[in-house]
Amino acid sequence: PAPGDRVASYLVERELARGGMGAVYVASQEGLERKVALKVRLPSGDARAAARFVVEAQSAARLKHNAIVKVHVAGQDQAGREYLVMDYV
């Protein structure tokens, strides 16, 4: 996604980082008017990459520590993009 695009109910503002599996954006959550970190899996056509993304979301959501950002939502938007929503710090 590019600035101004929507992923589910999140408005993408700018890209923060990009890696082998996904890109992380600063986004605004519609309705709550808060900034979040939005990680979107890069399209690859690889079913194993999609499975790893789900495992990452599940693993991160179980972690609870002050030094680890919380995962609030994991899902897939109307365009089929898989995403994670985390605290923006």
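In this predicted model, strands E5 and E6, the latter formed by residues 82-87, pair in the antiparallel sense through five bridges. Two of the facing positions can be named. Val71 stands opposite Met86 in E6, and the bridge partner of Gly75 in E6 is Tyr83. E5 and E6 form a hairpin, with five residues between them. Within the turn, Gly80 has a positive phi of about 90 degrees.

E6 also pairs with E4. Five bridges join E4 to E6, and these two strands run antiparallel. Here Val36 stands opposite Asp87 in E6. Is E6 enclosed by the rest of the structure or open? Five of the six residues of E6 are buried, so the strand is largely enclosed by the rest of the structure.

**The sheet as a whole**

Strands of a sheet pair through backbone hydrogen bonds, either parallel or antiparallel. In this model, six strands make an open sheet with antiparallel pairing, in the order E1-E2-E3-E4-E6-E5. Strand E1 (6-7) and strand E5 (71-76) stand at the edges; each has a single partner strand, so one side of each is left without a neighbour in the sheet.

**The helix**

Helix H1, residues 47-62, lies across strand E4 (34-41), E5 and E6, and runs at about 25 degrees to E6. Its length can be checked by a simple calculation. At 1.5 Å a residue, the 16 residues of H1 should span 22 Å, and the end C-alpha atoms are 23 Å apart, which agrees.

Which residues of H1 are buried? They are Ala49, Ala50, Phe53 and Ala57. These residues cover an arc of only 105 degrees around the axis, which puts them on the same side of H1. The buried residues of H1 pack against E4, E5 and E6. On the other side of H1, Ala47, Arg48 and Arg62 are exposed.

Ser59 also has its place in helix H1. Ser59 is partly exposed, with a relative accessible area of 32%. The C-alpha atoms of Ser59 and Pro1 are separated by 25 Å, and these residues are 58 residues apart along the chain.

**The nonpolar core**

The largest nonpolar core has 11 residues in all: Val7, Tyr10, Val12, Ala23, Tyr25, Ala27, Val36, Leu38, Val40, Tyr83 and Val85. Strand E2 (10-18), strand E3 (22-29), E4 and E6 are the elements that give two or more residues to this core.

Leu38 illustrates the contacts of a core residue. When residues up to four places away in sequence are not counted, Leu38 touches Val7, Tyr10, Val12, Ala23, Val24, Tyr25, Ala27, Tyr83, Leu84 and Val85.

Val7, another member of the core, is found in strand E1. At 0% relative accessibility, Val7 counts as buried. With residues up to four places away in sequence again left out, Val7 touches Pro1, Val12, Leu38, Val40, Asp77, Arg81 and Tyr83. Val7 and Gly31 are 24 residues apart along the chain, and their C-alpha atoms are separated by 14 Å.

**Positive phi in the loops**

Ala8 is placed in the loop between E1 and E2, and Glu33 lies in the loop between E3 and E4.

How values were computed: Residues are numbered from 1 along each chain as its sequence is written. This is a predicted model: local features need pLDDT of at least 70, side-chain atom pairs count only at pLDDT 80 or more; totals for chains, interfaces and linings use all residues. Side-chain values use heavy atoms; hydrogens and water are left out. Two strands pair if DSSP finds at least two bridges between them. Helices (H or I, at least four residues) and strands (E, at least two) are DSSP runs, numbered from the N terminus. Contact means heavy atoms within 4.5 Å. Axes are lines fitted to C-alpha atoms, for helices over the stretch in contact, and angles run from 0 to 180 degrees between N-to-C directions. The expected span of a helix is 1.5 Å times one less than its number of residues. Buried means under 20% relative accessible area, exposed over 50%, partly exposed in between (1.4 Å probe, protein chains only). The arc is that of the directions from the helix axis to the C-beta atoms. A nonpolar core is a set of buried Ala, Val, Leu, Ile, Met, Phe, Trp, Tyr and Cys residues joined through side-chain atoms within 4.5 Å.
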